[in-house]
Amino acid sequence: MKTILAYGDSLTYGASPIKGGPRHVHEDRWPTALEAGLGGKARVIAEGLGGRTTAHDDWFADADRNGARLLPTMLESHSPLDLVIIMLGTNDLKPFHGHTASEAGRGMARLVQIIRGHYAQKREPEPAIILVAPPILVDTDNEDMKSHFGGEGFYRESHSFAREYRRRADEHGVHFFDAATVAKTDPRDGIHLDETNTRAIGTGLVPLVKQILGI
Amino acid sequence: MKTVLAYGDSLTWGMNAKTMARHAHEDLWPTTLEAALGGSARVINAGLNGRTTMFDDHAAGYDRNGARILPTILATFDPLDLVIIMLGANDMKTFISGSAVAAAQGVKRLIDIARTFPYEGKHAAPAILVVSPPVVEALKPSADFPLLSPRTDESRDLAKHYASVAASAGAAFFDAAMVATAASGGDGVHLDAANTRAIGAALAPVVAKILGVREARAA
């Protein structure tokens, strides 16, 4: 039995694109869909936190949204791990964070360093890593969300996630997957995904994960 | 389907002191609890080696302060029906606090955090079950792994103080020392597989009652 950690933000948590809507049910979250697609050969642990960034502080919430600060604790809590899948970056586009896909890519590279350092320190084998470029943001009538994420100028940045993350993945010798190829953002808030598109990420990852884990 | 968070330390993570590796998934107490609840609840294992109730410990390269991390864990797994807190063994380390009273104050702080966290949506805060950990056995002084002071018998007082804190907070309480012993674990602190499983099995009726669900038929 293999163990996979899905480290992400509200898209991994399964937040609703409807304002005030409930969390997507367990079966509709992408880590669950991925686990189902692996046919009992792996457990997928979902660590998705709304607002999580790659490496930026954000004290708008009563939770630690800095992905770099929390990652060692999450790794330790769920080890031993065979694979870590990281899908972050959407929140990095907020104007008060890094603003750009390029900065988010640097944050993802930092997370790779953290994983490698964590297991090197413990003299344990390191898990494989997939960097996942999140889906592309779309225009919306939800002005609240639009202004929070900086409007259309910042939305355009999300088209560059795939290019930037692939570059960092190649540099560091880790795997890459572009979730924008399988999931479309819900225009009701321009950021989050409906159930079908959330599940699609898990299903879309199945072949790559099988190949990496040899299952 | 109910959701239960098991917030703990290495006894929840499942440290096997004889191999210094993790017990099999099936032997972890959150797993045996989930199995005993027969599909009516999912139990999330949030165990972390060395986690304390509310104290910093920079002896490891990750955050062991249970009070600092709890809000992030609550936000990650929200909505939750029940939070089970089993911490305190690490608080017995003399460089942490070595005091059962201080550990109970830490548990009180964790209850406050779980009760007052600004959960999304309008649902109520989860129920809380405080679990006093198995008694830390008298340790042979060990050069390799001097976890606790062999002089202290402090952990025997955890149950008394936890029961009191839980009662005044209106939280449920269970004493895991009634069903599990560290005597056979290898280092005086950690549990073997059978004693780890025993905690989940013993918690099942308590949890079923809190959640208003039925246990699985006895296997």
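# Reading the labels in a two-chain model

Reader: Which residues does A:T198 touch, leaving out those up to four places away in sequence?
Author: The contacts are A:L11, A:H24, A:D28, A:R29, A:W30 and A:L193. Keep in mind that this is a predicted model.

Reader: What makes these residues contacts of A:T198?
Author: The cut-off is heavy atoms within 4.5 Å. Each of the residues named, A:L11 and A:W30 among them, counts as touching A:T198.

Reader: Where in chain A is A:T198 placed?
Author: Look in helix α8, residues 195–213.

Reader: Why is A:T198 called buried?
Author: Its relative accessibility is 1%. Buried means under 20%. The value falls under the cut-off, so A:T198 counts as buried.

Reader: What makes the approach of A:T198 to A:D194 close enough for a polar contact?
Author: A polar atom of the A:T198 side chain lies 2.7 Å from the backbone oxygen of A:D194. The distance limit for a polar contact is 3.5 Å. The 2.7 Å separation is therefore within that limit.

Reader: Why is B:L82 called buried?
Author: Its relative accessible area is 0%. The limit is under 20%, so B:L82 is buried. B:L82 lies in strand β5 of chain B.

Reader: Which residues does B:L82 touch, not counting those up to four places away in sequence?
Author: Among them are B:T3, B:V4 and B:L5. B:P126, B:A127, B:I128 and B:L129 are also in the list.

Reader: What label does B:M20 get for its accessibility, and why?
Author: B:M20 has a relative accessible area of 46%. Buried needs under 20% and exposed needs over 50%. The value lies in between, so B:M20 is partly exposed. Its phi is near 55°, again positive in a residue other than glycine. B:M20 is in the loop between β2 (15–16) and β3 (21–22) of chain B.

Reader: What makes helix α2 of chain B "mostly covered"?
Author: Helix α2 runs over residues 29–36, and six of its eight residues are buried. The six are B:W29, B:P30, B:T31, B:T32, B:L33 and B:A36. Each has under 20% relative accessible area, because that is what buried means.

Reader: What do the buried residues of α2(B) pack against?
Author: They pack against β1 (2–8), α1 (10–13), β4 (41–47), β5 and α6 (193–211) of chain B. After α2(B) comes B:G38, with a positive phi near 55°.

Reader: How much area do the two chains bury between them?
Author: Chain A and chain B bury about 1,900 Å², with 53% of it on carbon and sulfur atoms. A:D62, A:T73 and A:E76 supply 26% of the area that chain A buries against chain B, more than any other three residues. The contact takes 24 residues from chain A and 25 from chain B.

Reader: How many salt bridges and polar contacts link the chains?
Author: There are zero salt bridges between chain A and chain B. There are 13 residue pairs in polar contact, both residues at pLDDT 80 or more.

Reader: Which element gives the most to the side of chain A that touches chain B?
Author: That is α3(A), with seven residues. That side divides into eight nonpolar, eight polar and eight charged residues.

Reader: What scores come with the model?
Author: The ipTM is 0.93 and the pTM is 0.95. Chain B averages a pLDDT of 92, and 92% of its residues score at least 70.

Definitions and conventions: Residues numbered from 1 in each chain as written. Chains lettered and ligands numbered in written order. Heavy atoms only, no water. Helix = DSSP H or I, 4+ residues; strand = E, 2+ residues; numbered from the N terminus. Buried < 20%, exposed > 50% of the residue type's maximum accessible area, 1.4 Å probe, protein only. Polar contact = N/O pair within 3.5 Å; in protein donor to acceptor, adjacent residues only side chain to side chain. pLDDT = per-residue confidence, 0-100. Buried area = accessible area lost by both parts, 1.4 Å probe. Salt bridge = Lys/Arg side-chain N within 4 Å of Asp/Glu carboxyl O. Nonpolar A, V, L, I, M, F, W, Y, C, P; charged D, E, K, R; others polar.
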